[in-house]
Amino acid sequence: MERSGAAAAVRRLRAPGGGGGSERERRDAPRPPARGGDAEADGGEGASPAGGKKRGGRRQQRALAEARGAPLVLLYLLALRALVHVSHWQLLSRPGRGGARHFSASRARGYLDDITAIGPRTVGSPENEIHTVNYLLEQIKAIKVESTDAHKIFIDIQRPTGSFSIDFLGGFTSYYANITNVVVKLEPRSGAEHAVLSNCHFDSVPNTPGASDDAVSCSVMLEILNTLSKSSEPLQHAVIFLFNGAEENILQASHGFITQHEWAKSIRAFINLEAAGVGGKELVFQTGPENPWLVQAYIFAAEHPFASVVAQEIFQSGIIPADTDFRIYRDFGNIPGIDMAFIENGYIYHTEYDTSDRILTDSIQRAGDNILAVLKYLATSDKLAKSFEYRHGRVVFFDILGLFVLAYPARVGTIMNYMILAIAALYLSKKVFQPKTRAISNLKKFSTAFGLTLLSWISALVTVLIVAVFISLIGRSLSWYTHFYVSFSLYGTAAIAKLILVHTLAKKFFYKNMNEQYLGDVFFDASLMIWSIALAVLTQIGLCSAFICTLWVAFPLITKLMIHKEFRQRGATMRFVMMYMLGMFVPYLYVMYLSWTVFEMFTPIMGRSGSEIPPDVALAGLIVAITMILSSYFINFIYLVKSTKTTLITLTAVFVITLLLVCSGIFFPYSSDSANPKPKRVFLQHTSRRFHDLDGNLVKSDSGIWINGFDYNGISHITPHVPEINDTIRTQCEERAPFCGFPWILPVHFMFRKNWYLPAPEILPSSPVGFKVLAKELMPWNSVRISFEVSGPSHMSLYIRPHKGSTLSSWSLGDGTPIASVGGDYFVFYSHGLQAAPWHFWIELTASEKGTDGIVSLAIAAHYFFGENQKSPQLYALLERLPNWTFSSGWSCTYDLFVF
C-alpha cells in the first residue's frame with residue numbers, strides 16, 4: 001500500500017500539467033505524452049503545452065466553453081441556411097429584357113391564362129382534343145404570319161395509334177388510339193437536315209387546370225417560337241416544337257411522335273419541359289444518356305443554371321414514383337436530351353390549386369431565358385449534326401448556388417477521386433503508423449473512434465426511427481406536412497441529442513483521463529476515414545454523385561493541414577474554431593444547398609406516396625442522414641468542449657415538448673389556406689361491378705363508391721366529417737379476380753392496399769362498354785388465341801390473369817411479349833382521342849392442363865373522366881361533404897369480369 005501510494009504520487013508529478021513547481025517550471029519542463037492520449041506519438045499532433053489533466057488538479061489549458069461552442073456551431077449552420085435561402089430566391093429575381101428579340105414573360109403568361117381558362121384537359125375530352133388544339137393552332141398561325149424571311153414554319157397535326165410496354169409502376173402495357181399532337185418545325189429558309197426537339201404537353205390530369213403541369217411549359221414554348229421566328233439571324237438546324245396531347249396518359253403522345261412522325265428521324269437532341277411542382281425554378285434533373293456535350297451546351301448557354309447530377313441519379317433510381325417523356329425519347333428514339341422540371345410547391349401538383357396565378361412571372365421569365373438560350377445554342381451548334389461523334393462518356397455536373405455550373409467528364413472525376421483518396425490514405429497512415437513503436441496502440445485508438453462514430457450514427461437512426469414508428473402507430477403521421485419545422489424539432493433534435501449523448505458518455509467513462517486535443521484530433525481523423533471509404537465505394541460503383549464525398553474529404557483535409565500548427569500550439573481557441581469553420585465552408589454550404597432541393601422535392605411526395613410507406617419513417621430517415629453528414633466534422637467538438645450538459649438539456653426539452661404537442665394532435669397535417677394550401681388527396685370512383693363465370697352467367701354484382709386516400713393516414717381524418725366512411729367498409733380482395741376485382745386506372749395496387757367501398761346505387765352510363773369475343777383459335781404447341789373487340793369511353797383498363805397451369809405467351813400489344821405487373825397479373829392502359837374505332841386485340845395462352853374453371857380471367861374497367869357520365873348524384877353529394885382541406889377527384893366507372 002505504501003509503495004502504491006508513492007508510485008501514484010510520482011505519476012501525478014510527472015503528468016503534464018501536474019502539481020508541483022511554478023507555472024514557468026511546468027511550462028518549460030520537457031513533457032512525456034499525456035496519459036492515455038500519447039498525443040506526440042499519435043499522429044504527430046502532440047499534447048499542447050498544458051495538454052493533460054492532473055488528477056485532482058486544475059486544467060492548465062482552457063477547453064472550448066460550451067456557451068461559446070454550441071451557439072457558434074448553431075449560428076454557423078443557420079448562416080449557411082440563410083445564404084442558401086437567399087440564393088434560391090435570387091434565382092427568380094432577375095428581370096427580363098423584353099423586346100421582340102428577347103423572351104417576354106408577359107406574353108407567355110397571356111398564353112398560360114388562356115390555356116388554363118379552357119379547364120381540365122383530359123385526353124379524349126373536347127377541351128383537350130378540340131379547344132386547346134384550336135387555340136394552339138390559332139397562336140402558331142399568328143406567329144407564322146409575323147415571322148421573318150430568315151425562317152420557314154411548318155405546322156402538322158398528328159393523331160397516332162400505337163402500343164408499347166414500360167417498366168414504370170412495376171410494369172404494364174399501354175395502348176393509344178387517335179390521340180393528338182401539334183407539331184411545329186422552324187427551320188432556315190434553305191432547309192435543314194438535322195433538328196433539335198423541344199417538348200411539352202398540354203393535357204392535364206382529370207379535375208385539375210394543369211397550369212404548371214404542363215401548360216406553363218407550352219406557353220413558354222409558344223413564346224420561344226415567337227421570339228425565334230422574329231429573329232433575322234438564320235439558324236443552322238431546325239427546331240421542332242412538339243405540343244403533345246397525351247403525356248398524363250403515361251407518355252403516350254411522345255411515343256406516337258418519336259416512333260411514327262416523319263420529322264422524328266431528323267432529331268439529334270431534345271429538351272423536355274416538365275413539372276413536379278408549381279412554379280419556382282426549373283431543375284435540370286436528367287441528361288444524356290451519355291453525350292456530355294449536351295451538359296456543356298446547357299452550361300454555356302443557360303443564363304440562370306440550376307442542375308444536379310445527384311437529382312439525376314435519385315430520379316433514375318426509381319425512388320420517386322414518376323416518369324417523363326425523357327424516357328420515351330431515350331428508349332424508343334435513341335436520342336439524347338435534357339430533362340428539366342419545376343419543383344417548387346409540390347403540395348398542389350396535380351390538384352385543383354395548380355392555377356396560373358400561383359406561377360410567378362419571374363419564374364416564367366427565368367425558364368424562358370434558359371430554354372431559349374439553350375435551344376439557340378443547339379440550333380447553331382456544329383456538334384448537333386455530329387452528335388454521334390460526341391456520344392460517349394458520362395459527366396459530373398452541379399450548380400453552385402445557381403450562379404454557375406461545374407461539369408467535368410466522369411472519368412476525370414474518377415481519377416481525381418482516387419488521387420484525393422491516395423492523399424487521404426497517406427495522411428491517415430502517417431497518423432496511425434508513426435512512430436512505428438506506437439502503431440498498434442494508435443490503430444486501436446483510431447479504430448475505437450471510428451467505431452464510436454458509426455455507433456453514434458446508428459443509435460441516432462434507431463432512436464429516431466422508433467419515434468417515427470410510434471408516431472405512425474398512434475395515428476399522428478404527417479403532423480409536419482403543413483408545419484415542416486415540426487419535423488426538425490421532433491426528429492432533428494432527437495438525432496442530434498442521441499449522437500451527442502453517445503459521445504458524451506464515451507468521453508466521461510471510456511476516455512475519462514484522455515487529453516481533449518488528442519480526442520478531437522482522432523475523431524476528426526475517424527470522420528475523414530468514413531468519408532474516404534464512402535468516396536471509394538461510390539467511385540467504384542460508378543456514381544457521379546461521388547463528387548459530394550470528394551468535397552467532404554478534400555476540404556476538411558486541407559483545413560486540417562492549414563490549422564495544424566494553430567491547434568497544436570494553442571488548442572481549441574476561438575481563432576482555431578473560426579478558421580476551422582471557414583475551411584469547412586464549401587462542403588457544408590453545398591450540402592445545405594443540396595438538402596434544400598431534396599426536401600423541396602421529397603416532402604410533398606410523402607402526401608401522395610400511398611398507404612403502405614410510413615412517411616414519418618421515410619422523412620425521419622432522411623433527417624438522420626442529413627444530421628449524420630452535418631455532424632461529421634463537428635463530432636470532434638464534443639471532445640473539445642468542457643461540457644455538453646446545457647446542449648443536451650435544451651435539445652431534449654425541445655424534443656419532449658414537440659413530441660407531446662404532436663401526440664396531442666395540435667399539428668393538423670393538412671391546410672386549406674388559400675395562399676398556401678396543402679390538401680389531402682382522395683380519389684372516389686362510383687363503381688358498378690359485374691362478375692361472370694365460365695358460361696357467361698352473372699354470378700355477382702354490386703355498386704359502391706370506391707375510396708382511396710393517397711397518404712398513410714387513409715380516411716382517419718375524414719371519418720369525423722363523413723361518419724359512414726369508416727373502417728367497417730374496408731375493401732376485401734376478390735381473390736379470384738385480377739387486381740382484387742377493383743377498377744385501378746393504373747397498376748398502383750401495391751401502393752394502396754388500404755381502401756374503402758361505400759355501398760351506393762348502380763350506375764348506368766349512357767355509353768357503356770361493348771365487349772365481344774371475335775374468335776377462339778387453336779394454335780400450335782397447345783396454345784389458344786382469343787380475339788376481342790372493345791369499345792367504350794376514352795379511358796379503359798384491361799386486367800388479365802392466367803389460371804393455374806396456363807401461361808400468357810403472347811399478345812397483339814406492345815412488342816408482342818406480355819409484361820406482368822407487381823403480383824403477376826397483366827395490366828393494359830388504354831386511351832383514345834376523338835372518334836376512335838373499336839379496339840381490337842388478341843391474347844395467346846399456353847395451357848399445360850385443362851381445368852374446369854377455364855384458362856384465363858379477363859376484366860375490363862371503363863373510366864368516365866368527363867361529360868355527363870362523370871359524376872353520379874350520389875358521388876356529387878359525397879364530394880360536397882368532404883372537408884375543404886381535401887382535394888377530391890371523382891369519376892364513375894364500371895368493372896366487368898369474364899372467364900374463358
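**View 1. The disulfide of Cys200 and Cys218.** The link between Cys200 and Cys218 is right-handed, with 105 degrees about the S-S bond. Cys200 belongs to strand β5 (residues 195-201) and Cys218 to helix α6 (residues 211-229), so the pair ties together parts that are 18 residues apart in sequence. Helices (H or I, at least four residues) and strands (E, at least two) are DSSP runs, numbered from the N terminus. The S to S distance is 2.2 Å; a disulfide is a pair of cysteine sulfur atoms within 2.5 Å. The model is predicted: local features need pLDDT of at least 70, side-chain atom pairs count only at pLDDT 80 or more, and totals for chains, interfaces and linings use all residues. Residues are numbered from 1 along each chain as its sequence is written, and side-chain values use heavy atoms, with hydrogens and water left out.

**View 2. The disulfide of Cys733 and Cys740.** The sulfur atoms of Cys733 and Cys740 lie 2.0 Å apart. The torsion about their S-S bond is about -85 degrees, so this disulfide is left-handed. Cys733 is partly exposed at 35% relative accessibility (buried means under 20% relative accessible area, exposed over 50%, partly exposed in between; 1.4 Å probe, protein chains only).

**View 3. Cysteines in no disulfide.** The disulfides of the chain follow the pattern 1-2, 3-4, with bonded cysteines counted along the chain. Cys549 is in no disulfide, and the nearest cysteine sulfur, that of Cys544, is 13 Å away. Cys893 is likewise in no disulfide; its nearest cysteine sulfur, that of Cys740, is 15 Å away.

**View 4. Thr493 in helix α15.** Thr493 lies in helix α15 (residues 485-510) and counts as buried at 9% relative accessibility.
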